[in-house]
Amino acid sequence: MSYKSFFIAAMLLSLMPLAVGAQGTEINSRDLRGKVVYQNDDVVFRQLDEHTWIGNGHLCYNESLYLVEGNDRAILIDAGTRIPELDKIVAKITSKPVTMMLTHAHGDHAGGVGPFPEVFLNAGDMPIVPNNMRDYYKGQIKYLNDGEVIDLGGREIEVIFTPGHTAGSATFFDKAKHYGFSGDAFGSTNLLD
C-alpha cells in the first residue's frame, strides 16, 4: 500500500462508525435519509444530494450502490448481486452516460454488471471475479489505476486503492463533497464516509 493510500485509509477509518455526507447527514443502514427516486422489488434508490444517489439491493442482505453524476457523465459504483435491468433503472435517474465501476469483485457488488458494456475494477481482484460473472458477462473488463482521477465534468472522483477486504478493493473519493465510496473496505452496508 502506498503512503498516500495508507494516509487516506487511516483518515477514512477515523470517521467510523458514522458516515457523514456533505451537509453533515448521517448515512448508515439504520437511518437512510433522502427522497426515494426509484423503487421496485429488487432495489430502492434515494437521492443524497442534487447529483448523488444511493441504491440498496435486497437479494443479499443490504447491497449498496452509488450513482454519482457530473455535468457530462456519471458513474455507478457497484452493481449489487442481481438487479434485473439495472442499466434501465439508472437511466430513469440520470440522462447522462453511465460507466460501471466496482469497489471490489465480490458477487454482492459485481453480480449485476451484466447490462453494462464495460466495467472498471482494480486488477488485483481478477482472481476473485465470480465464476458466474466470467460466464455471463460479455462486456469488457478494464482496470483502474491507483490515484487516477475520473472527470465527470465539473466533478472529479479520485480512485484510491484500499486493499484489505480484498486485494483489489478500491475507494472512490470526491474531495469537493467530502464523500468516500468504499464498498466493504471500511465496513459493510451503506458506508459513505
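Two strands are said to pair here if DSSP finds at least two bridges between them. Helices (H or I, at least four residues) and strands (E, at least two) are themselves DSSP runs, numbered from the N terminus. The structure is a predicted model, in which local features need pLDDT of at least 70 and side-chain atom pairs count only at pLDDT 80 or more, while totals for chains, interfaces and linings use all residues. Residues are numbered from 1 along each chain as its sequence is written, and side-chain values use heavy atoms, with hydrogens and water left out.

The overall picture comes next. The protein chain contains four helices and twelve strands. Of its 193 residues, 50% are buried, where buried means under 20% relative accessible area, exposed means over 50%, and partly exposed lies in between (1.4 Å probe, protein chains only). The accessible surface of the chain comes to about 8800 Å², and carbon and sulfur atoms account for 52% of that surface; such areas come from the Shrake-Rupley method with a 1.4 Å probe, and for residues only the protein chains shown count as cover. Contact means heavy atoms within 4.5 Å. Among contacts between residues at least 6 apart in sequence, 44% join residues at least 24 apart.

Eight strands make up an open sheet in the order β1-β2-β3-β4-β5-β6-β7-β8, and the pairing is mixed. At its edges are β1 and β8 (140-143), each of which pairs on one side only. From one strand to the next, the twist averages 25°; the axes behind such angles are lines fitted to C-alpha atoms, for helices over the stretch in contact, and angles run from 0 to 180 degrees between N-to-C directions.

The antiparallel strands β1 and β2 are joined by four bridges, and R46 in β2 is the bridge partner of V36. On to β3, the pairing is again described as antiparallel, over six bridges. Here F45 stands opposite G55, and R46 faces I54. Strand β2 is mostly covered, with six of its seven residues buried. Further along the sheet, Y66 has its place in strand β4 and counts as buried because its relative accessibility is 1%. Y66 and I77 are eleven residues apart in sequence, yet their C-alpha atoms are 5.0 Å apart in space.

Helix α2 (residues 86-93) lies across β1, β2, β3, β4, β5 and β6, and runs at about 30° to β2. Its residues L86, I89, V90 and I93 are buried. Seen down the helix axis, the buried residues of α2 fall within an arc of 95°, so they line one face of the helix; the arc is that of the directions from the helix axis to the C-beta atoms. An α-helix has 3.6 residues a turn, so residues three or four places apart point the same way. The face of α2 turned away from the buried side carries the exposed residues A91 and K92. The buried residues of α2 pack against β1 (35-39), β2 (43-49), β3 (52-57), β4 (63-69), β5 (74-77) and β6 (98-101).

A nonpolar core is a set of buried Ala, Val, Leu, Ile, Met, Phe, Trp, Tyr and Cys residues joined through side-chain atoms within 4.5 Å. The largest such core has 25 residues, and those with the most contacts inside it are F45, L76, L86, M100 and V113. Two or more residues each come from β2, β4, β5, α2 and β7 (118-121), and α2 gives the most, with four residues. Leaving aside neighbours within four places in sequence, L86 is in contact with F45, L65, L76, A79, G112, P115 and F116. Apart from this core lies another, of 18 residues, among them L48, F120, L152 and F181.

The chain also holds an open sheet of four strands, in the order β9-β10-β11-β12, with antiparallel pairing. β9 (149-151) and β12 (179-181) stand at the edges with a single partner strand each, so one side of each is left without a neighbour in the sheet. The twist in this sheet averages 25° from one strand to the next. Four bridges join the antiparallel strands β10 (residues 156-161) and β11 (residues 170-174), and V159 stands opposite F172 in β11.
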